[in-house]
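Open the entry in your viewer and colour by chain.

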Protein chains: 4
Amino acid sequence: MSSSKPAKKVKTRIKDHELIDQRRRQIAEGAMKVFVAKGYHMATVREIAEAAGMTMGSMYNYVRSKEDIIFFVYEHITHNLREEMKRAIEGITDPKERLRAALRHNLEAVEKHSDAIMFMYQSSGCLDRDSMHVVLGRETEYIKMFEELLRQSLGEQDYDEFRLRLAADILAYLPVIITLRRWSLNRRFKSTEEVMEGIMQFTMHGLDFFSLLAQPSGVAIPEKE
Amino acid sequence: MSSSKPAKKVKTRIKDHELIDQRRRQIAEGAMKVFVAKGYHMATVREIAEAAGMTMGSMYNYVRSKEDIIFFVYEHITHNLREEMKRAIEGITDPKERLRAALRHNLEAVEKHSDAIMFMYQSSGCLDRDSMHVVLGRETEYIKMFEELLRQSLGEQDYDEFRLRLAADILAYLPVIITLRRWSLNRRFKSTEEVMEGIMQFTMHGLDFFSLLAQPSGVAIPEKE
Amino acid sequence: MSSSKPAKKVKTRIKDHELIDQRRRQIAEGAMKVFVAKGYHMATVREIAEAAGMTMGSMYNYVRSKEDIIFFVYEHITHNLREEMKRAIEGITDPKERLRAALRHNLEAVEKHSDAIMFMYQSSGCLDRDSMHVVLGRETEYIKMFEELLRQSLGEQDYDEFRLRLAADILAYLPVIITLRRWSLNRRFKSTEEVMEGIMQFTMHGLDFFSLLAQPSGVAIPEKE
Amino acid sequence: MSSSKPAKKVKTRIKDHELIDQRRRQIAEGAMKVFVAKGYHMATVREIAEAAGMTMGSMYNYVRSKEDIIFFVYEHITHNLREEMKRAIEGITDPKERLRAALRHNLEAVEKHSDAIMFMYQSSGCLDRDSMHVVLGRETEYIKMFEELLRQSLGEQDYDEFRLRLAADILAYLPVIITLRRWSLNRRFKSTEEVMEGIMQFTMHGLDFFSLLAQPSGVAIPEKE
DNA sequence: AATGAATGAGACTTCATTCAT
DNA sequence: TATGAATGAAGTCTCATTCAT
């Protein structure tokens, strides 16, 4: 999980470091709302500034360009997702329980932050090279966390490294279906809760037969809910 | 699989219907290249016209707006995906083989059309309401095809309707990981082929334990490859 | 005097070459008026377009940037100055008469195009590197013309190459005092005509004693006018 | 040489008069560097403040506007030029020697302060009306100094008042060729020194035959150097 | 049916100046 | 007196769309 310090410094004229952090948080939060509503390109910096509760000129004291803004939004979202995940599994000591909690939390987080996640998937093309690099690093961090949880779950048991890695990728990715197919799922299913439960089961079975978990029964899921 | 007729008519002042179709195909193909390269908003209609091999003025004889163009591109891509899928499973009579072929083809199609699929996921927000509606319909069609394949695979066997639906959704969605996490996967794995194989296995195991397939052994996958 | 072809091509989307020339002339003329009145930086492209008799959007079909505009203005002015000079001395065969006519014309041209020349001296810092290079080339052309006239005036006579060159530079430069010190001169003298006459005499005497002209008496100037 | 007191008061809310002078000198010196490097319009007040070694807010205690700054720079430069000229001729009693020394110094000053002089010629359009008036006054002072030197050189001799005035103007102006045609001269001549010598000779000869100096031979210049 | 020039609304960004501390 | 954050007006340039030929 390691370092969370921004791997990319954005220059500014402002001296007060606390103020910088505070304003940039304002900006990220305001911008996210606007980006979610209209998309990166249709959002004007004026709207963003307004949503952030400051004037355009003021905002440009904390940001060099619109591209900086989108980068801050990505940083903001991924930071929050990481922190929430940490909180969701902290205190749980049993490895399998930790994994299970992480999976469950991931589903809930995707559901809760659906807008933000949709935004991230839709707007990755708007990031400049450097920002993209940083953001991909964040993603990798997140996936490695699942790898680690899987490893701890397996304990002493033998496992295939490739499968473990791929499984981690899938675990992180699959819940995103809730966001990316939101309309489709809403059309075809009654509640998101049942979809989440179904995904949970599909995932666990996939893992299980994948021989990644020692005691499938340990994560037993009722065959019919 | 039902109707493939455009559920949305786009007006034009041109009379020659064959010409309309030809030009619109040109436009869709040219536009797709440009959209893939630069994204919808960064692509100018001038570039699109050039890529389509006609002048801007001419293009506006077949299109009312830039939004029409993106709609045509979506139609073009989804049409091709459907047709290729049809061809991939036609002639296969054994239901389980059909399902398996469809899954495999889906993986390969996602890989082959990675650019186009990335474009579709990133640009859905650029569609106007009507177009979005049509496109969602296409998606539903595609998923229903998987439902049908699953049903045929189950034959007389009992199954849970909810699980079947959800499974269809997941089957269609999971392979898209190849596109949406392309950079991440390329970074973490050697070849796309091994990733595809891994996803295939994960999917089959998920389905299997999900009790959706009568004879899991029928789709048995070597525990270690 | 040689080549007068633009040493710098400015790209445009417009196909009609005649139209390009015409519009660019319009732009140069309009822009010159605005630049003269407000200076390069204070002139807005909107004002320039208006003065050129077209819309801003239209103007940008013939120009890529404001810097292109200033370059066109320089080209326009220097082109006109060259052409007028050619006409002023064409048909005069006696070398000393040609030189004298050139000097006289230069004075009159500086007076006539005072605004334009003031603009050129004030705005050279606004030219980009390439344009500056081209413009310096134009200046050199102009000076070399004086060199040539001096050489022909000297005929077979010996002369010092360095002095001749420097004299040419001074001949071209000195009249510009009319522009660069316009306010000062207007304040201190009655008419520009008398100032021009005075400069002419100062110049001729400078040249004369400079041993650049064979028969000083040939260009004898009444000691008192 | 008369008054050198600023003919234009610039208001400030600061009380300490010594501090005002010191800060304004700082500002003028810092600003000159920036103006020379980037031109008046491209220089930001922030850069100027930085170059002046103070903050923007602080600078506005001594200046009401950016226009005030450019005025101070003009004052600073012309003040220095005047002082240097005074020093260059002080102690020389022979009138012709004084004139000669002034001419020589002027050439050297133009060369030495080439950047500043270029700036002054390029930026005169940026001065507001009042400042321009003051600056023109400074220029007149400078020219009148040459008039005076010429008069003293002529002693009792008769002279034409008009010619004398014009000569003074030319004497002050001609050396500026070193600055205004710097690139051109550098391209065409080996050293600035030889150019300065040449200009000196041209000037003297111009004056001489102009009948402004009693004994031309007194300023005799070897026909070939 | 095709061409390509014209249009003008609107986007991002900069910067001189002010003001609370 | 000094600081530095806030402001908003204004500037350059792009581009989807139209229209005369």
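The stops below go in that order.

**Before you click.** This is a predicted model: local features need pLDDT of at least 70, side-chain atom pairs count only at pLDDT 80 or more, and totals for chains, interfaces and linings use all residues. Residues are numbered from 1 along each chain as its sequence is written, while chains are lettered from A and ligands numbered from 1 in the order in which they are written.

**Select chain A.** Show it as a cartoon. Chain A has 11 helices and zero strands (DSSP runs, H or I of at least four residues for helices, E of at least two for strands, numbered from the N terminus). Of its 225 residues, 36% are buried (20 or more other C-beta atoms within 10 Å of the residue's own, C-beta atoms being placed from the backbone). Now look at contacts (C-beta atoms, placed from the backbone, within 7 Å). Of those in chain A between residues at least 6 apart in sequence, 69% join residues at least 24 apart.

Turn chain A by 179 degrees and shift it 0.1 Å along the axis: it lies on chain B with an RMSD of 0.2 Å (least squares on C-alpha atoms of residues with pLDDT of at least 70 in both copies). That is a two-fold axis relation. Both copies use the same surface, as 100% of the contact residues of chain A recur in chain B.

**Switch to chains C and D.** Each chain gives 37 residues to the contact. On chain D, select α6 (114-123), α7 (129-154), α8 (161-173), α9 (177-180), α10 (182-188) and α11 (192-209); each supplies at least two residues of the side that touches chain C. The largest share, eight residues, comes from α11(D).

Terms used:
Contact = placed C-beta atoms within 7 Å. Buried ≥ 20, exposed ≤ 12 C-beta atoms within 10 Å, placed from the backbone.
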